[in-house]
Amino acid sequence: MQETWRWFGPDDAVTLQHIRQTGARGIVTSLHQLPYGVVWSVEEIEKRKAILAADPSLGLTWEVVESLPVHEKIRRGDADCAQLFDNYRASLRNLAACGVKVICYNFMPVLDWTRTELAHPVPGGGTALRFNAHHYVAFDVYMLERPGAADGVPAELLARAKAWVDAASQAQKDTLLASIMAGLPGAYDRYDIPGLRRILAEYGQMTHADLQANLQRFLEEVIPTAEEVGMRMCMHPDDPPRPLFGLPRIVSTEQDIADLLAMVDSPANGLTLCTGSLGAGPQNDPVAIARRFADRIHFAHLRNVAKEPDGSFMEADHLDGDTDMVGVVEVLLTEQQRRKAAGRADWRIPFRPDHGHELAYDLGRGTFPGYPLIGRMKGLAELRGVMRALAQTKGLPL
């Protein structure tokens with residue numbers, strides 16, 4: 001598999017020299033400085049490529065875009081999206097012309113990945129990302145005060161949430177809001193509580209079926225262009241895989257993925273297999289999902305989570321947690337073998353070690369939440385070992 005590394009651009013505390021030291025050669029990046037909905041020009045794309053090429057000794061190449069964002073108006077299903085679709089198609093053509101042909105994106109309304117703690121202590125002094133169910137309920141019910149937020153929430157969880165809010169200082173509440181917003185990198189919007197209320201209201205009473213229809217509209221608009229230029233679009237699952245703040249999420253389960261891939265049945269309409277996002281859902285078996293959709297997996301995020309009965313979960317070490325990571329990797333290597341035998345030039349599946357504990361030298365360095373150097377390098381080393389062992393024992397191509 002092709003080892004890649006997410007890099008947030010020149011402002012990332014993890015430098016290109018650091019990335020080279022991890023052993024990864026492929027770069028996963030995005031033009032975060034550009035607003036949603038504008039065309040990614042060839043000039044801007046080439047500027048980013050030039051940064052990577054400035055030191056040829058590093059041997060780094062831009063392999064995956066993560067992400068080319070989908071404008072909120074498209075997710076909402078607004079009528080006046082023709083220019084946004086034109087711009088998205090133009091960006092696809094420009095990226096392809098510059099040799100970047102794998103696009104990871106998502107269709108999560110308003111918020112991207114969501115956690116309630118960015119620095120939960122782990123043994124030895126490191127920290128991890130964590131989603132606490134009672135913190136989420138405290139925010140949704142008692143801080144955001146969203147109508148209907150308490151419906152269906154177990155009484156015990158509501159009581160824990162209320163106790164936390166009553167005891168929390170304003171600084172703790174501010175930290176919770178900042179943690180929930182932290183999944184939006186680069187130039188993405190951050191919201192205060194009134195701002196979040198306003199944008200949630202713009203979605204009205206949107207249902208799961210409504211959001212699926214908006215996704216199908218998007219795919220029908222852009223996948224023909226992706227086919228035309230040889231692009232692989234790969235949807236990232238919801239993180240966490242459950243409705244949030246009254247909004248549906250539609251890439252959370254095995255059936256959701258089947259629905260997504262059937263909307264436009266094309267190799268260009270594919271999946272980013274994120275074992276952490278899918279693994280946070282008790283209903284999901286990431287190994288089975290990888291096996292069922294192997295031929296449509298164009299990119300993989302490999303990480304692990306440990307779940308708790310109330311819906312909480314925490315980022316685990318890459319080979320610990322609830323997901324059988326060895327089983328996932330075996331599925332991906334087997335799929336690579338099939339692609340290689342079929343004569344595909346792009347038979348290797350790019351993957352990156354996703355999220356990592358903040359450890360040792362990285363503590364307090366100001367890296368993007370979930371994206372420290374050492375924790376991800378540790379995960380990459382562990383995954384590399386699993387791949388080598390499977391390659392040797394089962395004869396699977398790396």
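Predicted model: local features only at pLDDT ≥ 70, side-chain atom pairs only at ≥ 80, totals over all residues.
Local features were taken at pLDDT of at least 70 and side-chain atom pairs only at pLDDT 80 or more, whereas totals for chains, interfaces and linings use all residues. Residues are numbered from 1 along each chain as its sequence is written, and side-chain values use heavy atoms, with hydrogens and water left out.

Helices (H or I, at least four residues) and strands (E, at least two) are DSSP runs numbered from the N terminus. Packed helix pairs are described by the angle between the axes and the distance between the axes. Axes are lines fitted to C-alpha atoms, for helices over the stretch in contact, and angles run from 0 to 180 degrees between N-to-C directions.

Helix α4 (residues 82–97) packs with helix α9 (residues 208–229) at an angle of about 25 degrees, the axes being 10 Å apart. The two helices α4 and α9 are therefore roughly parallel (angles under 35 degrees; over 145 is roughly antiparallel, 65 to 115 roughly perpendicular and the rest oblique). Their crossing is right-handed, that is, the near helix is turned clockwise from the far one by less than a right angle. By class, the contact of α4 with α9 has eight nonpolar, one polar and five charged residues (Ala, Val, Leu, Ile, Met, Phe, Trp, Tyr, Cys and Pro count as nonpolar, Asp, Glu, Lys and Arg as charged, and the others, Gly among them, as polar).

Helix α9 also packs with α10, the axes coming within 9 Å and crossing at roughly 35 degrees. This crossing of α9 and α10 is right-handed. His-208, Gln-212, Leu-215, Gln-216 and Leu-219 of α9 contact Asp-256, Asp-259, Leu-260 and Met-263 of α10, a set of four nonpolar, three polar and two charged residues.

Helices α5 (residues 133–143) and α6 (residues 155–167) pack at about 75 degrees with axes 8 Å apart, and α5 and α6 are therefore roughly perpendicular. Among the α5 residues in this contact are His-134, Val-137 and Tyr-142, and among those of α6 are Leu-158, Ala-161 and Trp-164. The contact of α5 with α6 comprises 11 nonpolar, two polar and two charged residues.

Helix α5 also gives the most to the lining of the largest pocket, with five residues. On a 1 Å grid over the protein atoms alone, a pocket is an open set of points with protein on both sides within 12 Å along at least five of seven lines, a cavity is a set where a 1.4 Å probe fits but cannot get out, and lining residues have an atom within 4 Å of a point. Grid points are joined across faces, edges and corners, and a volume is the space filled by probe spheres set on the points. The largest pocket has a volume of about 350 Å³. Of its 20 lining residues, Tyr-136, Val-137, Ala-149, Val-153 and Pro-243 lie nearest the centre.

Six cavities of 30 Å³ or more are present, and the largest cavity holds about 180 Å³. Arg-6, Glu-66, Asp-112, Trp-113 and His-236 lie nearest the centre of the largest cavity.

Glu-66 is also joined to Ser-67 by a cis peptide bond, with omega near 0 degrees.

Terms used
Contact = heavy atoms within 4.5 Å.
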